[in-house]
Amino acid sequence: VGLPRSSYFYHRARIDVADKYAGVRHAMADIFERNYRCYGYRRIHASLCRQSVKISEKVVRRLMKQECLVPVTRKRRRFGSYMGEIS
């Protein structure tokens with residue numbers, strides 16, 4: 001396979017290890033749903049800090065991507081200078 005022996009056993013052992021962010025994932029999804037799917041990673045991170053969950057913003061971003069927690073955004077309207085027909 002071309003994988004070093006130690007790496008093979010490391011990855012094999014990682015399969016049995018429980019997810020250390022399982023509780024955080026549930027809390028993030030709960031915060032996200034309670035706030036109408038509008039919170040991004042910054043506000044979710046702030047909410048977790050208020051609940052005394054110490055976790056970095058990068059981890060929050062990664063977990064949000066894995067859980068498919070994408071906030072709803074409106075499309076920006078492009079500028080148009082047309083004001084109608086001159087009568």
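Let me begin with serine 52, which lies in the loop between H3 and H4. The helix labels come from DSSP: helices are H or I runs of at least four residues, strands are E runs of at least two, and both are numbered from the N terminus. Before going on, note that this is a predicted model, in which local features need pLDDT of at least 70 and side-chain atom pairs count only at pLDDT 80 or more, while totals for chains, interfaces and linings use all residues. Residues are numbered from 1 along each chain as its sequence is written, and side-chain values use heavy atoms, with hydrogens and water left out.

Serine 52 has a phi near 60 degrees, a positive value in a residue other than glycine. For background, most residues other than glycine have a negative phi. Is serine 52 buried or exposed? Serine 52 is exposed, with a relative accessible area of 60%. The cut-offs are these: buried means under 20% relative accessible area, exposed means over 50%, and partly exposed is in between, with a 1.4 Å probe and protein chains only.

Cysteine 68 also has a positive phi, of about 60 degrees, although it is not a glycine. Cysteine 68 is in the segment after H4. It counts as exposed because its relative accessible area is 56%.

The loop between H3 and H4 also holds glutamine 51. Glutamine 51 is partly exposed, at a relative accessible area of 41%. If we leave aside neighbours within four places in sequence, glutamine 51 is in contact with Ala27, Ile31 and Arg34. Contact here means heavy atoms within 4.5 Å. The C-alpha atoms of glutamine 51 and serine 7 are separated by 37 Å, and the two residues are 44 apart along the chain.

Now the helices on either side of that loop. H3 covers residues 41-50 and H4 covers residues 57-67, and they pack at an angle of about 115 degrees with their axes 9 Å apart. Axes are lines fitted to C-alpha atoms, for helices over the stretch in contact, and angles run from 0 to 180 degrees between N-to-C directions. The crossing of H3 and H4 is right-handed. As for the term, a crossing is right-handed if the near helix is turned clockwise from the far one by less than a right angle, and left-handed if anticlockwise.

Which residues make the contact? From H3 they are Tyr41, Arg42, Ile44, His45 and Leu48, and from H4 they are Glu57, Val60, Arg61 and Met64. By class, that contact has five nonpolar, one polar and three charged residues. Nonpolar covers Ala, Val, Leu, Ile, Met, Phe, Trp, Tyr, Cys and Pro; charged covers Asp, Glu, Lys and Arg; the others, Gly among them, are polar.

Histidine 45 deserves a stop of its own. It sits in helix H3, and it counts as buried because its relative accessible area is 15%. Neighbours within four places in sequence aside, histidine 45 is in contact with Ile55, Ser56, Glu57 and Val60.

Next, the other partner of H3. Helix H2, residues 22-34, packs with H3 at an angle of about 115 degrees, with the axes 10 Å apart. This crossing, too, is right-handed. Val24, Ala27, Met28, Ile31 and Phe32 in H2 meet Ile44, Ser47 and Leu48 in H3. The residues of this contact divide into seven nonpolar, one polar and no charged.

Histidine 26 lies in helix H2, and at 62% relative accessibility it counts as exposed. Histidine 26 and glutamate 67 are 41 residues apart in sequence and 9.8 Å apart in space, C-alpha to C-alpha. Alanine 22 is in helix H2 as well, and is partly exposed, with a relative accessible area of 44%.

Last, the start of the chain. Glycine 2 is in the segment before helix H1, which is 5-16. Glycine 2 is exposed, with a relative accessible area of 79%. Its C-alpha atom and that of glycine 23, 21 residues apart along the chain, are separated by 36 Å.
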